[in-house]
Amino acid sequence: MSAAEHAIEIDGLRKSYGSFEAVRGLSLNVKRGEIFAFLGPNGAGKTTTVEILEGFRKRTAGEVRVLGVDPEHGDRAWRSRIGIVLQEGSAQPELTVRETLTLWAAYYPEPRPIEETIALAGLEEKADDRVGRLSGGQKRRLDVGLALIGDPDLVFLDEPTTGFDPVARRAAWKVIAGLRDLGKTVFLTTHYLDEAQELADRVAIVKAGVIVVEGPPGSLSAGSGDTQVHFVAPAGIALDELPVSEPITVVDGRALLHTTTPTHTLAALCGWADGRGIELERLEVARPSLEDVYLELVTAPDGSQPPTVAVAPTGRRSRRSAR
Amino acid sequence: MSDLRRALAQLTADMKIFRRNPAALFFTAILPVVFLCMFVGIFGNNRLKQYGGIHASTVYVPSFIGLAVVGASFVALAMGFTRMRESGMLKRVRATPVPSWIVFAGRIGTAIVTAIFVTAVLMLVGGVLFGVRIPTRTLPGLLAALALGAATFCALGIAYTRAIGSEEAGPSMTNAVVLPLYFISGVFVPFRTLPDGLQSVAKLLPVQPFVDALRVAFDPRTTGAGFAGDDLLKLAIWGAVGLVLAIRLFSWTPRQQSG
């Protein structure tokens with residue numbers, strides 16, 4: 001599709017290191033203005049893909065467009081529209097937060113105001129402290145500030161909250177969610193699935209160099225159906241007496257069934273129980289979390305067909321490439 | 001904002017980084033002055049017959065100017081750029097729209113400002129305490145030697161980052177090169193008291209021609225504008241070699257990630 005709609009377009013990307021193929025025909029589009037989370041285990045080809053998008057590495061084959069430009073030929077104008085948070089820190093320990101941002105503002109043609117960027121990174125109280133005296137979380141927030149100082153259209157965040165305590169993570173999430181409000185496109189790489197679930201409009205899970213599932217985090221499911229229903233099986237009643245068509249298993253003393261029609265299943269089940277004056281104890285209805293999906297997908301043995309993939313409600317098909 | 005103003009912003013920041021780094025400040029700016037005072041204090045300010053009877057201090061002042069310039073350029077740039085490379089700063093800066101030359105200009109400018117400052121202090125201390133004559137007629141030769149020396153040792157320092165695998169290795173790897181060179185090039189020991197073989201080796205390397213060119217400018221017997229032709233030519237050749245090596249060998253990505 002047009003560059004106006006997509007911030008990132010990847011088609012059939014391949015990257016080999018000698019005889020090892022790290023990326024094996026990966027295709028992906030990221031829309032402008034969305035937060036896109038790129039997930040996958042170590043060694044799946046995540047970093048290689050991101051570094052190709054950022055212009056640090058050359059690809060072996062395939063088409064890549066970032067803001068309409070091939071990153072291998074990105075010029076100054078292109079780089080001024082991109083912000084990056086790498087896993088390593090970017091700032092000199094001898095400079096203060098404000099001095100660092102002032103220097104980096106000079107690198108860009110139309111920088112964002114320095115005080116505004118300090119506030120956006122949540123570093124108002126540390127603005128005149130030297131970078132070397134900041135905590136790990138504060139340094140990371142400065143990296144986010146440095147990624148934003150050029151007022152970019154697209155921001156790459158590579159594991160932006162690794163090593164954060166829970167409070168610092170929440171603060172960082174607020175900053176990242178704020179980027180969406182500013183109209184930025186965010187390409188987020190993370191190992192924290194709750195982070196992706198919380199922040200991302202869409203996620204893709206990459207495994208062995210290809211994408212195995214893609215879609216909004218709430219819409220994904222892998223393999224064994226959709227909504228999970230748990231309850232304590234009523235005493236004295238055989239499981240096959242229950243008025244549900246889905247197979248029931250017992251896990252940790254509780255009945256468990258998967259259903260793609262939870263309203264219908266629950267109505268039948270609850271109506272049946274209520275009519276008999278039975279209380280279904282510890283009744284729970286749960287969507288599989290992104291973590292459930294992720295673990296099921298990435299722990300599937302190598303070379304097997306990836307599990308069935310749910311289609312996102314937006315109608316986007318997830319892409320799978322044969323290996 | 002023009003690139004010139006960007007370069008000034010980079011220089012301002014790099015000067016602050018230098019001033020706030022106690023180790024860099026001590027070894028580059030303070031130690032040469034301490035050395036001058038101690039060497040004259042310990043060995044005396046006698047007339048040296050190997051140098052036609054000029055005072056020892058007139059030999060030591062250009063020697064320690066040489067040490068200061070090599071420290072501010074070769075040592076500071078080799079260690080500074082290695083640190084920036086290994087911490088990922090250079091890789092990150094490369095993804096900004098700033099032109100590469102500005103990143104180098106800030107550090108090279110810092111080296112030049114530091115070299116000028118330490119040279120002025122050494123001349124002042126030498127003049128006031130030990131009566132070393134401040135060059136006037138030979139000032140063009142002194143400035144030429146300083147400019148060419150700073151440029152050459154900056155280029156060599158940037159090239160040498162290739163040999164340094166980690167930030168921790170920086171101090172030992174640079175000192176392993178410069179300390180022996182100081183000793184065989186007439187910085188700590190008057191050059192003409194060294195064995196002939198060692199003198200021949202040192203003359204092929206860059207530190208001896210640099211220190212000798214500075215000494216020529218300070219030597220009261222020097223005639224003309226103080227240009228030490230042979231020394232400056234050797235320095236220029238080393239500078240050209242350094243520049244080619246720097247361009248070919250410099251890496252922006254951490255050692256573990258290169259490739």
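Which residues in H2(B) meet which residues in H3(B)? The legends below take up this question first and then move to other views. The model is predicted, with local features needing pLDDT of at least 70, side-chain atom pairs counting only at pLDDT 80 or more, and totals for chains, interfaces and linings using all residues. Residues are numbered from 1 along each chain as its sequence is written, while chains are lettered from A and ligands numbered from 1 in the order in which they are written.

**View 1. Helix H2 (residues 22-43) of chain B beside H3(B).** Helices (H or I, at least four residues) and strands (E, at least two) are DSSP runs, numbered from the N terminus. From H2(B), the residues B:Ala24, B:Phe27, B:Thr28, B:Pro32, B:Phe35, B:Leu36, B:Phe39, B:Val40 and B:Phe43 meet B:Ala56, B:Ser57, B:Tyr60, B:Val61, B:Phe64, B:Leu67, B:Ala68, B:Gly71, B:Ala72 and B:Ala76 in H3(B), where contact requires C-beta atoms, placed from the backbone, to lie within 7 Å. This contact divides into 16 nonpolar, 3 polar and no charged residues; Ala, Val, Leu, Ile, Met, Phe, Trp, Tyr, Cys and Pro count as nonpolar, Asp, Glu, Lys and Arg as charged, and the others, Gly among them, as polar. The two axes, lines fitted to C-alpha atoms over the stretch in contact, with angles running from 0 to 180 degrees between N-to-C directions, come within 9 Å and cross at roughly 160 degrees. H2(B) is therefore roughly antiparallel to H3(B), a term for angles over 145 degrees.

**View 2. The side of chain B that touches chain A.** The contact takes 18 residues from chain B and 19 residues from chain A. Helix H1 (3-19) and helix H4 (89-94) of chain B each supply at least two residues of the chain B side, and H1(B) gives the most, with 6 residues. The residues of this side divide into 8 nonpolar, 5 polar and 5 charged.

**View 3. A:Asp151 in a loop of chain A.** A:Asp151 lies between helix H5 (136-148) and strand E6 (154-158), and its phi is near 55 degrees, a positive value in a residue other than glycine. Most residues other than glycine have a negative phi. Because A:Asp151 has 19 C-beta neighbours inside 10 Å, it counts as partly exposed, the class between buried (20 or more other C-beta atoms within 10 Å) and exposed (12 or fewer).

**View 4. A:Glu159 in the loop between E6 and helix H6 (166-181) of chain A.** Phi of A:Glu159 is near 45 degrees, again a positive value in a residue other than glycine. A:Glu159 is partly exposed, with 18 other C-beta atoms within 10 Å.

Terms used. Two residues are in contact if their C-beta atoms, placed from the backbone, lie within 7 Å. Angles under 35 degrees count as roughly parallel, over 145 as roughly antiparallel, 65 to 115 as roughly perpendicular and the rest as oblique.
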